[in-house]
Structures are given as structure tokens and as C-alpha cells.
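Welcome! Here is a short tour of one protein chain, taken topic by topic. Keep the sequence and the 3D view open as you read.

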Amino acid sequence: MKKQITFLFFTLITSVIIAQTATVNGTSYNTLAEAYTAAAGGDIIVIDGIFDENLTSNKAVSLQGDDPATDGIVFTGTGRVLFYTSSVSGDFSISNLTISGGNVGGNGGGLLVDKSTSSQITLSNLIVENNSSGSNGGGISIVAANVNINNVISRNNSANNGGGIHMAVVNGADSTSGANKIINISNSLINNNTSTLIGGGFYVYAGGSALNKTLTINMENTTIALNASTTLGGIGYAVGGQLADGSGLPNFDLNMTHVTCGRNTSAGGNAANFGLYFNRTHGSAANNLIFNAYNSIFVGAGTITARGINFAFAQVPKFINNLSSDLNNTGNITS
């Protein structure tokens, strides 16, 4: 009987060890670093189990798990978990994983995609949690990249700006950043994130005079809840700029459809700061960012007087079939 128990215990431990593998083109490795070294741009690293590592990628290498409950990277060291640098060229995806434990002074505690020339990046079925940034984007930071975000949970992250997610376009003539970036967020949850300054749920920066570089963000079927900022924008804070191509047009569009924002706050307790806020860095009212919302909810925590949206520094061509608590500067809504 004793021999049988020993054998079963050994079998269990062996199965746990074997399960933690990173596989590239049919070959399995014990670490992500080894798998990444073996991978070329366009390859997929299949992650089975939870790894305690972080990874900086200069190649368009995709990461794929089976289930974020059992597969992912839970980092216990110092630094961001995943960093895709400006050297990455080519499409890639990150799917079915947990990304946790990142802590960094710069952008993107959990994941930073920085000035990618990829045509399309896909983030799907992820849990991004318990990461921190001393700058922007506790959970996720996307700087000048085309990204589809679907079925992603960003929760319990913290940053100076944009506890859950940070999105930006690069100013000037930086050739690596490209132009006309589009970020689509769908079927996702941004909750229980904090910022020490602005944008508890999210922070967008498209400020400055961006030379022919525009940013469009589309949010659909997404919930932003229980986030907190210390100063402004429990839901989020978005900054627009002005194109320097001679048109003088705004360079940033934010569109929300079937988005639910509820019980977001500012840590200072001022209900007027609970909601969604806008700003601009250049020009006049004609250069305010473009904001459209359809069939969405913007409700601050507490009483009906808690701010849902402050439309200052926003042009609002379409604000249709929405439910909101207190609204400010509603004269900027044109239909």
C-alpha cells in the first residue's frame, strides 16, 4: 500500500512539471526565454502552465495559451511582464493567457506595445491583473499601434495615468510610428483599476501637433466599472491634439457603442470628477477631439449629481440613446 501511494504522489508531481512548457514548432522548452530564442517572426509560442518570467520581444512572435485560468505569466520579479518593442515588424497575437505581476517605472506594467509597424495586433481572451506602472497604463499600454482587443479583462492594476489601459499616438515625424492608428476594444471589462493622477479606467494621449498621425478608438460591448482616479476621470481621461498637415483638424476620434460605465470614482471624493473627461493641447474649440456615443451608460457612483461626462474639449456629433448622470458642457453635443 505504501509503495502505491508513493507512486501516485510521484506521478502527480511529474505531471505538474511536464505541464509547464513553452512549445515552438513542435519542440517544447522549459522557459519562455528558450522558446523565444528558438522562435522566428511569425511563429507561435504555445504556453502550457504558469511561468514566472518576463519577456522583451523584438520579433512578431505570438503567445497562445489554452485558458487564462491555467496558462500565463505571473511574474514575481521587477519589470514589466511583456514588452513588444518598436523593432517588431509583422502581425502577432496574444491570447488565452493571464498577464500578472508586472511593476515598472515606465509605461505598461503588464504589457507594452511600443510604436509597432505591424499591420494588426490582436489581444484576445486575456486576464491582465495586479500590474503597476509609475507612468501610464498599469495593465496595458499601446503606443502607436493597430490593435484589436477582444474579451480582455484588465483589473486590479495601478498607474499614474490610466490604471487599466493607456493608448497613445506618437507626435512628430517618427517614421516607426506610422499614421492613422486604430484600436478596437470589444466584449471587454476594465474594472477595479486605480490611477494616482488621471484616468482610473483608461487614459488616452493624442496631444501635441501630430504630423499626419491620427488615432481612432472604438469601444463596443465593454464595461468600465469600479475604477478610481485621485484627481480626474474615474471612467477615463482623453487628450486630443491638432494635425500639423495644414488642415488644422483634430487628430483623435473616440467612439463608444453599448459601453457601460458605472461606480467609477475619484479618490478625492469629489463627485464632479467621477466620470469621463476630455482635454486638448493645441488649437481652439475646432480642434477638440471627436466623441460619439450610442446606447451606452455613463453613471457616476453615488447620487444622480455624480458626474457622468464633462464634454469640455470635445466635439460630439452623435450622442444617441445614452443614459447618464450629471453632464457638463452639453452645448458641445450637436445631435
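**A briefing on this chain**

Asparagine 146 touches Ser118, Ser119, Gln120, Ile121, Asn180, Lys181 and Ile182, leaving out residues up to four places away in sequence. Please remember that this is a predicted model.

**The chain as a whole**

- The protein chain has two helices and 34 strands. Its radius of gyration is 21 Å, close to the 20 Å that the globule rule gives for 335 residues, so the chain is as compact as a globular protein of that length.
- Along the principal axes, the C-alpha atoms fill a box of roughly 80 × 45 × 35 Å.
- Of the 335 residues in the chain, 52% are buried.
- Look at the contacts with a sequence separation of 6 or more: residues 24 or more positions apart account for 76% of them.

**How confident is the predictor?**

- The mean pLDDT of the chain is 90, and 90% of its residues reach 70 or more.
- Residues 1-18 stay under 50 in pLDDT, and the model gives this stretch zero contacts beyond four places in sequence.
- Residues 173-177 also have a pLDDT below 50. That stretch has ten contacts in the model beyond near neighbours in sequence.

**The nonpolar core**

- In soluble globular proteins, nonpolar side chains tend to be buried together.
- Here, the largest nonpolar core has 66 residues. Which residues have the most contacts inside it? They are Ile45, Ile94, Phe202, Phe278 and Phe291.
- Strand E27 (residues 252-266) gives this core its largest share, five residues.
- Phenylalanine 202 is in contact with Gly162, Ile165, Met167, Met219, Ile224, Ile235, Gly236, Tyr237, Met256 and Leu276, leaving aside its neighbours within four places in sequence.

**Strand E3 and its partners**

- Strand E1 (residues 21-24) runs antiparallel to E3, and three bridges join the two. Alanine 22 stands opposite isoleucine 47 in E3.
- E3 also pairs with strand E6 (residues 62-64), in the parallel sense and over three bridges. In this pairing, valine 46 stands opposite glutamine 64 in E6.

**Strand E29 and its partners**

- Is strand E29 (residues 289-294) mostly covered or uncovered? E29 is mostly covered, with five of its six residues buried.
- E27 and E29 run parallel and are joined by five bridges. Threonine 257 has tyrosine 294 in E29 as its bridge partner.
- Five bridges also join E29 to strand E32 (residues 314-320), and these two run parallel. Asparagine 292 stands opposite lysine 318 in E32.

**Asparagine 146, a buried loop residue**

- Asparagine 146 sits in the loop between strand E14 (140-143) and strand E15 (147-155).
- Why does asparagine 146 count as buried? Its relative accessible area is 14%, and buried means under 20%.
- The asparagine 146 side chain reaches the backbone oxygen of serine 119 at 3.4 Å. A polar atom of this side chain also lies 2.9 Å from the backbone nitrogen of isoleucine 182.

**Asparagine 328, in a strand**

- Asparagine 328 lies in strand E34 (residues 326-328) and is partly exposed, with a relative accessible area of 26%.
- Not counting residues up to four places away in sequence, asparagine 328 touches Arg307, Ile309, Asn310, Phe311 and Ala312. With asparagine 310 there is a side-chain polar contact of 3.4 Å.
- Asparagine 328 and alanine 272 are 56 residues apart along the chain, and their C-alpha atoms are separated by 9.2 Å.

**Two residues with positive phi**

- Asparagine 187 is not a glycine, although it has a positive phi of about 50 degrees. Asparagine 187 lies in the loop between strand E18 (181-186) and strand E19 (189-191), and it counts as partly exposed at 42% relative accessibility.
- Arginine 263 is not a glycine and has a positive phi of about 60 degrees. Arginine 263 lies in strand E27 and counts as exposed, at 61% relative accessibility.

Note on methods: Residues are numbered from 1 along each chain as its sequence is written. Side-chain values use heavy atoms; hydrogens and water are left out. Helices (H or I, at least four residues) and strands (E, at least two) are DSSP runs, numbered from the N terminus. Buried means under 20% relative accessible area, exposed over 50%, partly exposed in between (1.4 Å probe, protein chains only). A polar contact is a pair of N or O atoms within 3.5 Å; within protein, one must be able to donate a hydrogen and the other to accept it, and residues adjacent in sequence count only if both atoms are side-chain atoms. Contact means heavy atoms within 4.5 Å. A nonpolar core is a set of buried Ala, Val, Leu, Ile, Met, Phe, Trp, Tyr and Cys residues joined through side-chain atoms within 4.5 Å. pLDDT is the predictor's confidence in each residue, from 0 to 100. Two strands pair if DSSP finds at least two bridges between them. The radius of gyration is taken over C-alpha atoms; the globule rule is 2.2 Å times the number of residues to the power 0.38.
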